[in-house]
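Thanks for coming, everyone. Please look at the screen while I bring up today's structure.

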Amino acid sequence: AQRPGNQANTSIGRFYRLFARKPSYTSTMFGEGRTSAQSVTLTSGQWAADVRVFLHRHGSISGRVVDEGAQPMTGVLVRAVARIVVGSRPQYVLGLRGQTDDRGIYRIANLPPGNYLVIAAPASADGLNVEPNPLVDPTTRRTYAAAFYPGVRDAAMATPVTLAASEHRLNVDFVLEPVRVGAIEGRLAGSIDGLPGTWLRLVHS
C-alpha cells in the first residue's frame, strides 16, 4: 500500500538469498561456487525466471576388510570420522558408519563432501563397546585392533579420504593384523564394596 502524497519508487530493489535443502543432498545457496553474487534482486512487480539452485547428492565411501591371510572379515564396523575446523583448529567428529558383509565389503552412504578419517573396528562398535575383542590366539593373547585407513593405529599417520560432492570413493580397503594385548586392573575407591557394577573405560590418548 502507498500512503497519500508518497510516490512509489520502483527502481529500488530488494535482495533475496535463495537456500535449498533436501535429505541425502548437500544444502546449497544460489550462486554458490560461482563468481556472481549469491543473491537475487527484485524490484516492484518484477518476475525473476530461470533462477536455478543446484543440489548435489551425498557421496559414499566403500571398500573391503580382510585379515592377514587375505580372508574377508565379517561384521567389522567401519566409520567415517569427519574433519572440521573450529576456531582455526582441526577437530574430528564421529560420523556415519557401515558394516562388512560376508565378503568383507562395506559401504558408508549419505556422506556430504569433506575430509574423512576412516576407521575399522573389529568386534566392537566404533571402539566404545565395553566388551573386549575376542582373542584369535589365546596362547599368545592376540586380537584384532581398530585401525585407521590405510591400516595404521595412530590417527596422526592415517590417510584422509577427501570426498567431493556426489563422489563415490571405492577401494578404501583395510588389511587387519592381530596384535598382542595386555590388561589393566585395579580397585575403585569410595566404598567398602568397591562400587560393584560401575563401568570404567580406557581412553586412548
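How many helices and how many strands are there in the chain? Zero helices, and 17 strands. Keep in mind that this is a predicted model.

Now the chain as a whole. It has 205 residues, and 26% of them count as buried. The accessible surface comes to about 14500 Å². Carbon and sulfur atoms hold 52% of that surface. Next, contacts. Take those with a separation of 6 or more: residues 24 or more positions apart account for 65% of them.

On to the backbone. Some background: most residues other than glycine have a negative phi, and most peptide bonds are trans.

Start with the peptide bond. Y149 and P150 are joined by a cis peptide bond. Its omega is about 10°. Where is P150? Look in the loop between β13, residues 147-148, and β14, residues 161-163.

Next, N110. Its phi is positive, near 60°, and the residue is not a glycine. N110 sits in strand β10, which covers residues 105-111. Is N110 buried or partly exposed? Partly exposed, because its relative accessibility is 42%, and buried would require under 20%.

Last stop, S166. Here too phi is positive in a residue other than glycine, near 65°. S166 lies in the loop between β14 and β15, with β15 at residues 168-169. Its relative accessible area is 30%, so S166 counts as partly exposed.

To recap: a cis bond at Y149 and P150, a positive phi at N110, and a positive phi at S166. Over to you.

Key. Residues numbered from 1 in each chain as written. Predicted model: local features only at pLDDT ≥ 70, side-chain atom pairs only at ≥ 80, totals over all residues. Heavy atoms only, no water. Helix = DSSP H or I, 4+ residues; strand = E, 2+ residues; numbered from the N terminus. Buried < 20%, exposed > 50% of the residue type's maximum accessible area, 1.4 Å probe, protein only. Contact = heavy atoms within 4.5 Å. Areas by Shrake-Rupley, 256 points an atom, 1.4 Å probe, with all protein chains shown as cover.
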